[in-house]
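Welcome! Let's take a friendly walk through this structure, one part at a time.

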Amino acid sequence: MKYGVIGTGAIGGYYGAKLARAGQEVQFLLHKDYEYVKANGLQVDSCDGSFHIEANAYARTADMPQCDVVLVCLKSVNNGKLKELLPPLLHEHTLVVMIQNGIGIEPDVQAMFPGVQLAAGLAFICSAKTEPGRVSHQCYGSINLANYSCRDERLFEAVVSEFRAAGIETGQVEYHEARWKKAVWNMPFNGMTVALHTQTDLLLRDPSTRQLIRDQMMEVVGASRALGVSGVDEAFVEKMIQMTDEMTPYSPSMRLDYDFHRPMEIHYLYTRPIEIAREAGFPMPKLEMLEAELKFLQKNL
């Protein structure tokens, strides 16, 4: 199938390059490093083995061909741009996969594009874009794909199969479970690394912040239960803590955004899930406090 990547950064660059390396036709939308990637291709420095690809690079979606699958890997703060970025890539059967962090993303994008088929992509990966045309993949790399509004089940399953064939560990999961499971890790670690100006390993090394991280994770579990979402439980919390204990010391995407004075993804990572949980009768006081701290820091960047 023909793939398009909107947002060729740490996530889009990695998964798009893996698919291209496996023989899929992949078109990459780039911004600042368009000229560099057009001339030099994409380099992935990976813990699983580094590789380089020649990339079909574009500066505008208006110049790109229509795609069977579009991977949206923009930061969610830029989703307003999708109104003009997406239409040139779409045909009647295109599947758009939102590989973004947060809760409530697909309903808002669906409101922008009522007839478009959507899926969610939940990446479990430590990666960063370190310089033009170069992605540093530090550890992990799996992704869960969840059907949101794809009418063609065979198309969705074909995407899962092609991700797996590209050497990407890919789960096929229920939509709400997938989004809330990712929030179990994202909501504590993204915000806490910003608020305390630290990395994941130091948060878990100190007993007080380790307990706070666990408490925040359990708030996400409680919210998911209040919403009737299955599969998000205390055992999953312990799995996420163990996984983070074992990973390379890491600065999540929100910490990098803060460090580089970019807008942080507070709305979908905190505000929307907190609102949705509150509507279901479940307050999230520790995460609400973290949200308030992040909003203060954002205003004073």
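Helices here are DSSP runs of H or I with at least four residues, while strands are runs of E with at least two, and both are numbered from the N terminus. This is a predicted model, in which local features need pLDDT of at least 70, side-chain atom pairs count only at pLDDT 80 or more, and totals for chains, interfaces and linings use all residues. Residues are numbered from 1 along each chain as its sequence is written, and side-chain values use heavy atoms, with hydrogens and water left out.

Let's start with arginine 255, which sits in helix α10 (residues 253–259). Arginine 255 counts as buried because its relative accessibility is 10%; buried means under 20% relative accessible area, exposed over 50%, and partly exposed in between, with a 1.4 Å probe and protein chains only. The arginine 255 side chain reaches the backbone oxygen of threonine 198 at 2.5 Å. Leaving aside neighbours within four places in sequence, arginine 255 is in contact (heavy atoms within 4.5 Å) with Thr193, Val194, His197, Thr198 and Gln199.

Next comes helix α1 (residues 12–21), where 8 of the 10 residues are buried, so the helix is largely enclosed by the rest of the structure. The buried residues of α1 include Gly12, Tyr14, Ala17 and Leu19. After α1 comes glycine 23, with a positive phi near 105°.

Finally, look at α6 and α11, which meet in a left-handed crossing, meaning that the near helix is turned anticlockwise from the far one by less than a right angle, whereas clockwise would be right-handed. Trp180, Asn186, Met187, Asn190 and Gly191 of α6 make this contact with Leu269, Tyr270, Pro273, Ile274 and Ile276 of α11.

Note on methods. A polar contact is a pair of N or O atoms within 3.5 Å; within protein, one must be able to donate a hydrogen and the other to accept it, and residues adjacent in sequence count only if both atoms are side-chain atoms.
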